Amino acid sequence: MEKLQTQASKLWQLLFAPETADTYQKMLALTGTILKETALLLWLLFCSIFVLGAWLGKTGLAWGRDTRSWLDAQSQAEGESGEKAAATGQAIMEVGQTGAYFLLDKAYEQLGLEKPVRPEKPVVTVSAPKTSPKPVATSAPAAPKSSANPKPPAVKSPETPVKETKIVPEPTEDKEETGATAP
């Protein structure tokens with residue numbers, strides 16, 4: 001039992017020695033400082049991530065808007081060039097048609113046949129839709145030709161249907177700007 005009492009008294013002296021108290025006080029102060037600095041570092045890290053996320057979001061939205069503006073400008077430029085191409089194609093078609101009519105008239109004249117009556121200009125409706133137009137052509141069915149009994153071509157009467165080519169735009173929806181459908 002004496003050993004027990006000696007061991008307890010050694011422990012008691014060690015625990016309540018002035019050096020032990022100073023050491024534990026320094027350790028607790030140091031642990032508190034470490035925890036406080038760690039918490040401050042974590043808070044600053046969280047704030048940095050939050051600010052970085054906000055900056056990335058703002059920059060991403062700006063890039064998206066810029067890209068969309070650029071794409072809209074490109075599509076408008078393509079639409080304008082499409083209108084120019086359509087006008088150029090129309091002009092080429094009219095020149096070719098006029099030349100073909102001239103040659104046909106000369107051929108009828110050389111053969112001594114009566115020239116057919118042609119309309120001044122075919123009815124063509126051209127508009128500039130946002131999407132690519134789909135041509136819709138209507139015409140009368142062609143009469144069967146027979147090589148056994150050739151007949152001179154008859155003069156077209158006003159009741160004879162004339163081939164018309166109309167470019168019909170597809171309806172597009174522009175929900176973002178007006179919320180309504182465009183014709």
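How many residues does helix α1 (residues 2-15) have, and what distance does it reach from its first C-alpha to its last? The legends below take up this question and then turn to other close-up views. The structure is a predicted model, in which local features need pLDDT of at least 70 and side-chain atom pairs count only at pLDDT 80 or more, while totals for chains, interfaces and linings use all residues. Residues are numbered from 1 along each chain as its sequence is written, and side-chain values use heavy atoms, with hydrogens and water left out.

View 1. Helix α1 has 14 residues and reaches 20 Å from its first C-alpha to its last, close to the 20 Å expected at 1.5 Å a residue, where the expected span is 1.5 Å times one less than the number of residues. Helices (H or I, at least four residues) and strands (E, at least two) are DSSP runs, numbered from the N terminus. Of the 14 residues of α1, the number buried is 0, so the helix lies largely in the open; buried means under 20% relative accessible area, exposed over 50% and partly exposed in between, with a 1.4 Å probe and protein chains only.

View 2. T20 lies in helix α2 and is buried, with a relative accessible area of 15%. When its neighbours within four places in sequence are left aside, T20 is in contact (heavy atoms within 4.5 Å) with L14 and L15.

View 3. Rings of Phe, Tyr and Trp (its six-membered ring) pair if their centres lie within 6.5 Å, and planes under 30 degrees apart count as stacked, over 60 as edge-to-face and the rest as tilted. By this rule the count comes to 3 aromatic pairs. In one of them, the rings of W43 and F46 have their centres 5.8 Å apart and their planes at 35°, so this pair is tilted. F46 and F50 form a stacked pair, with 6.5 Å from centre to centre and 20° between the planes. W43 and F46 are 3 residues apart in helix α2, separated by about one helical turn, and F46 and F50 lie 4 residues apart in this helix, also about one turn. W43, F46 and F50 form one aromatic cluster, in which W43 counts as exposed at 52% relative accessibility and F50 counts as exposed at 59%.

**View 4. The chain as a whole.** The protein chain contains 2 helices and 5 strands, which follow the pattern α-α-β-β-β-β-β when read along the sequence. Buried residues make up 4% of its 183 residues. Among contacts between residues at least 6 apart in sequence, 72% join residues at least 24 apart.
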